[in-house]
Amino acid sequence: MADNIIFGGFPLDPADHLRGDDRWVFEKINHSDSRFLLYAQGCPLMDISDGLAPVFKSVVKVKAITGDDWGQTDWVFLGLDGDVATFAVAISGKYDLPADEKFIDLRSVALQISAGGFSTIPSLLGRGKMLLEWHGRRHFCSCCGHKTKGARGGYLRQCANEACAAEHFPRTDPVVIMLVTDGDRCLLGRGKGWPEGNYSTLAGFMEPGETIEEATRREVLEEVGVKVGNVTYIRSQPWPFPSSLMIGVRAEALTTEITLDTNELVDALWMDKEKLQNLFETGGDNSFRIPPKIAIARHLLEEWLQHG
Ligand SMILES: [Zn+2]
């Protein structure tokens, strides 16, 4: 199976063996060839003049935008393309932008870009978003309350209080997302607040101490009262909203009666494979919209339809 999931396929060399060297990072961040992706409130700066493309700025242009705030600005080294370094920078406040540059929500960037086929741009932009938002939430040490500062090219925040010196690392929250099957039927649900007709596979955050299999069985039992036996890993997807790893699995139902957890779901149903195949072929309708291409749920359903 091609590893072509949106938000996967990171296109740069993260160069872990180099980013721990502060002097090397300092040289790269001041190098005229280095490229900077800008973000405001998690939205990447995009060139909208011809379709959508990320804007890469030089360090001179970034510093012109941040001005005296540069020293306080969160930034992350994303990786190398040959010798050229790419950084992600979070900017705040008011700034004058050219008419053809705009900060755009990453979800809509990914939807638009993936409409034209697989691209590694959502992965590049997603990693920058995840790391910068993590920095934004970790300016103070969760152990002692003192200020923290970025290190290792942005892959670490260190407590500035020498007596504490705690090290904080970026985190990823694992989510299990499962296609529950009963022979030629699969289980789909509609979450609270979702538009009418939007159905997807069930999903939930893993709890500390759980295996993927245990988390899958617990979630399905909690949300729809269905007992699940065999669990098989299918594929995964980084999900930068805010910073998750979606772990896609197939789960075989042992029971089929649905008891809805109305705190989570407004509906759940068993869908025949043939009907689902028809909906995929016709593009769905108002009573059932197929999950978007950027969602791993879509991949789980397609994989089931194609390979059984
Ligand atoms: Zn501390």
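Asp81 has Val84 of strand S5 as its bridge partner. The model described here is predicted. Strand S4, residues 75–81, and strand S5, residues 84–90, run antiparallel and are joined by 6 bridges. The hairpin of S4 and S5 has 2 residues between the strands, and Gly82 takes a positive phi near 65° in this hairpin. Of the 7 residues of S4, 5 are buried, so the strand is largely enclosed by the rest of the structure.

Helices H4 and H5 form a packed pair. H4 covers residues 106–114 and H5 covers residues 121–137; their axes lie 10 Å apart, at an angle of about 170°. Because of this angle, H4 is roughly antiparallel to H5. On the H4 side, the contact is made by Leu106, Val109, Ala110, Ile113 and Ser114. H5 contributes Ile121, Pro122, Leu125, Gly126 and Lys129. By class, the residues in the contact of H4 with H5 are 7 nonpolar, 2 polar and 1 charged.

Pro170 lies in the loop between strand S9, residues 167–168, and strand S10, residues 173–182. With 17 other C-beta atoms within 10 Å, Pro170 is partly exposed, because this count falls between the limits of 12 or fewer for exposed and 20 or more for buried. When residues up to four places away in sequence are not counted, Pro170 touches Leu131, Trp134 and Tyr155. Glu223 is 53 residues from Pro170 along the chain, and the C-alpha atoms of these two residues are separated by 30 Å.

Definitions and conventions:
Residues numbered from 1 in each chain as written. Predicted model: local features only at pLDDT ≥ 70, side-chain atom pairs only at ≥ 80, totals over all residues. Axes fitted to C-alpha atoms, helices over the stretch in contact; angles between N-to-C directions. Helix = DSSP H or I, 4+ residues; strand = E, 2+ residues; numbered from the N terminus. Parallel < 35°, antiparallel > 145°, perpendicular 65-115°, else oblique. Contact = placed C-beta atoms within 7 Å. Nonpolar A, V, L, I, M, F, W, Y, C, P; charged D, E, K, R; others polar. Pairing = 2+ DSSP bridges.
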